[in-house]
Amino acid sequence: MKSLALCHTLRKPTKITKMGIELQNHQNHHEEASPAEEPISRWLINTPEPPSMWQELVGYIRTNVLAKKKHRRNNTKNSSSNPVYSCLKSVFPILSWGRQYKLNFFKKDLMAGLTLASLCIPQSIGYANLAGLDPEYGLYTSVVPPLIYSTMGTSRELAIGPVAVVSLLLSSMVRDIQDPVTDPIAYRKIVFTVTFFAGAFQAIFGLFRLGFLVDFLSHAALVGFMAGAAIVIGLQQLKGLFGLSHFTNKTDVVSVVSSVFHSLHHPWQPLNFVIGSSFLIFILLARFIGKRNKKLFWIPAMAPLVSVVLATLIVYLTNAETRGVKIVKHIKPGFNQLSVNQLQFNSPHLGQIAKIGLISAIIALTEAIAVGRSFATIKGYRLDGNKEMMAMGFMNIAGSLSSCYVATGSFSRTAVNFSAGCETVVSNIVMAITVMISLEVLTRFLYFTPTAILASIILSALPGLIDVSSALHIWKLDKLDFLVLIAAFFGVLFASVEIGLLLAVGISFARIMLSSIRPNIEALGRLSKTDIFGDINQYPMANKTPGLLTLRISSPLLCFANANFIRDRILNSVQEVEEEENEQEITKENGLQVVILDMSCVMGVDTSGVVALEELHQELASNDIRLVIASPRWRVLHKLKRAKLDEKLKSENIFMTVGEAVDIYVRARSTSHDLC
C-alpha cells in the first residue's frame, strides 16, 4: 500500500515538477558525496570570470610585443651583437640569409636571373602599353621594385615586376579620371600617385597585421576575376595585332568587340597581323615544347625576347614601317628618374585615386601571396604573410618615387624563375641589373620594334590566367562558390573591373551573412556504444532518447541577427516532436519532457541572444518542458550568469557535456519508474 501511495504521490505533480524533484534529489545525493565523486557540471558552474577586453588587449601586447622584444634582447645578449643590427635583420631578411649565401647558389641565381630578364624585358614593354604608359615605365617597374623586394621579401622564387591584370586595372580605372591620349603627363602623374597609395595600404596591412582584408577576395572570386580580365586583355590586344588606329578606351567586352568591327571598316595594314600572328604561333609552340620537356624550360623563357629581336630586325632591314607596320618608336634611354614632385596629393580626385590604390593593393597582394605560397610549399618553407605585405608596400612606395607603377609577383615569370633553378631572390637582383643595362644600351635598337609583337607576347601569357581546371573543381565542390566565380567573370567581362570585384565580394559577404542569420539547428542522437552525439540526418543509425530532444545550434554567435530565428526553429522542432507523439498516441508522461541545447559551437552571445533564451525557457516551461543547456563556452556562460539566466534555469540544468545531461535524465527517469 505504501508503494502505491508513493507512486500516486509522484504522479500527482506536473511533469516538470516531477522531473525537477528527481534531478534535485540526484543532485543532492552528489552534494553529500565525497569531492572525488562530484559531478563535472559543478566545475562548469564555478568557473572564474573570463578576461575582459582590456585584459585581453594588455595580454596581447605583452605576448606579441614585449615578449618578442625580450626574446630579441636575449638573442642580442647571447650573440653579443648590436641591437640595431638585430632589429634590422627582422625588417631585412637578406641580412640573415646573406651570411649563408654560397658561390654555387650565385651560379644558379645568375642563370635564373638572366633567363628571367629575357622574358621580363618584352613583357614589361607590353604591360606598360596595356597600362596606358610609355614603354620605358614598364622597364623602370622591373628595376626598383625587385631590388627593394629582394632585401625585404621572404619568398625565394617570386619574380617581381608589372603584371597584366594590374596593368588592365590601372588603365580601366584611371581613364575615368584622366584620358591618357589627351594629357599623357597628367595621366602618368595620377598613376604614380595611385602606386604610392597602393604601397601605403600594403605597408599598413603588414604593419597592423591586417592580412585578413586580402582574404575578402576569395579563391573563387580570384579565379573568375583573372579569367574575365584575361579575355578583356586579349580583346584589347587586337588593336596592336591588327594595327588599328580607331579603338575604344572601354574595357567591357561589348564595347571592345564593337570597336574591333567598326575599326576593320577603316584602312588597316595586314602586315601587322602577319608579323603578330606568326610570332604568336612561334611563342606558343615554344611554350608547348617547354611543357613536354621540363629540361627545355629555357626555350619558352627565351622565345619572347627572340621574337622581339627577330621582329625588330625584320622591320629595320625591310623598312616595313613605311608599309604601314606600326612600331614602338622612341624609348627614353637611361635609368629611373625621380618622380617625387609628380605625386598629386592636392588633386581634386584624391578620393578616387586612393580608392584605386586600395583596390590595386588588394589585387596585387592577393596574386603575389597566392603565387609565393604555392612555390614555398613546393620548396618546403613558410612564407611570412605580414613581411610580404610590408615588402610589397615599401617597394611600391619606392617605385612611386622613381617613375614606376604598381608592381607585384608574376605567376608566369615566377614559374620560369623556379624552373631555371633559382635558389634565392638574388635572381631578382640579376634581372633588375640586366634591365638597367638594357635601358642604357638597347633602347635605340627597340625603336623599330613592331607593336604587333608586343600584342602577341601579351596574348601568349593570357592562357595561364584562365584556370579552367580550378573552375571545374569549384563547380563540383561548392555551387555557391561557383556563383561567386561567375559573378566576377561576367562582371569584369560585361561591365568593368571594379563592378566584377564588387559583385564577387558582395556575393561572398551575402553568403557569410546568410549562414550567420539562418544557421542550422541539428537534432542529435547518440551513436551506439559511444558517448558521441551526431546529427541524425548525417548519422541515421544514431539513437534518440525517448522523452528527450537534443538540439545543436550550428552558429558561432547567438546575436541580434539570428536570435529570434534560432528560438523559432527550436520551438518548431518541439512542436514537430509533439505532433509525432500525438499521432503515435504517446501519453504526456512518456512524451517530451526535456529539451537539451548543445551550445558547444556558440562562441559568443549578446543581449538579444540572452533574451531569446529567456523567452525560450518561459515558452517551454509553460508546456511543462524543461530547458537544459549543455557545453556552454566560457564567455557564453559568463553572460548567462550576468543576466541571472542560470538562476532562472537553475544551475542543475546546465551541464558540461550533452552525454552528462542525457545520462542524468535517463537515470532520473528510470528511478521514477522503479518507484512507481
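**Close-up views of a predicted model**

**View 1. Helices α11 and α18 cross in a left-handed manner.** A crossing is left-handed if the near helix is turned anticlockwise from the far one by less than a right angle, and right-handed if clockwise. The model is predicted: local features need pLDDT of at least 70, side-chain atom pairs count only at pLDDT 80 or more, and totals for chains, interfaces and linings use all residues. Residues are numbered from 1 along each chain as its sequence is written, and side-chain values use heavy atoms, with hydrogens and water left out. The axes of α11 (residues 184–207) and α18 come within 7 Å and cross at roughly 155°. Axes are lines fitted to C-alpha atoms, for helices over the stretch in contact, and angles run from 0 to 180 degrees between N-to-C directions. The two helices are therefore roughly antiparallel to each other (the word applies to angles over 145 degrees). Helices are DSSP runs of H or I with at least four residues, strands are runs of E with at least two, and both are numbered from the N terminus.

**View 2. Helix α9 (residues 144–152) has buried residues.** These are Val144, Pro145, Pro146, Tyr149, Ser150 and Met152. Buried means under 20% relative accessible area, exposed over 50% and partly exposed in between (1.4 Å probe, protein chains only). Their cover includes helices α18 (385–400) and α20, and strand β1 (159–161).

**View 3. Threonine 434 lies in helix α20 (residues 426–441).** Its side chain reaches the backbone oxygen of valine 430 at 2.7 Å. Apart from neighbours within four places in sequence, threonine 434 is in contact with Leu114 and Ala117.

**View 4. The largest nonpolar core has 97 residues.** Such a core is a set of buried Ala, Val, Leu, Ile, Met, Phe, Trp, Tyr and Cys residues joined through side-chain atoms within 4.5 Å. Leu170, Phe225 and Ile363 have the most contacts inside this core. Helix α12 (residues 219–236) gives the most to the core, with ten residues. Not counting residues up to four places away in sequence, isoleucine 363 touches Val165, Val166, Leu169, Leu217, Phe225 and Leu501. A second, separate core of 27 residues includes Leu549, Ala612, Leu645 and Leu649.

**View 5. Arginine 567 sits in helix α25 (residues 563–583).** Arginine 567 counts as buried because its relative accessibility is 17%. Leaving aside neighbours within four places in sequence, arginine 567 is in contact with Ala612, Glu615 and Leu616.

How values were computed:
Contact means heavy atoms within 4.5 Å. A polar contact is a pair of N or O atoms within 3.5 Å; within protein, one must be able to donate a hydrogen and the other to accept it, and residues adjacent in sequence count only if both atoms are side-chain atoms. Angles under 35 degrees count as roughly parallel, over 145 as roughly antiparallel, 65 to 115 as roughly perpendicular and the rest as oblique.
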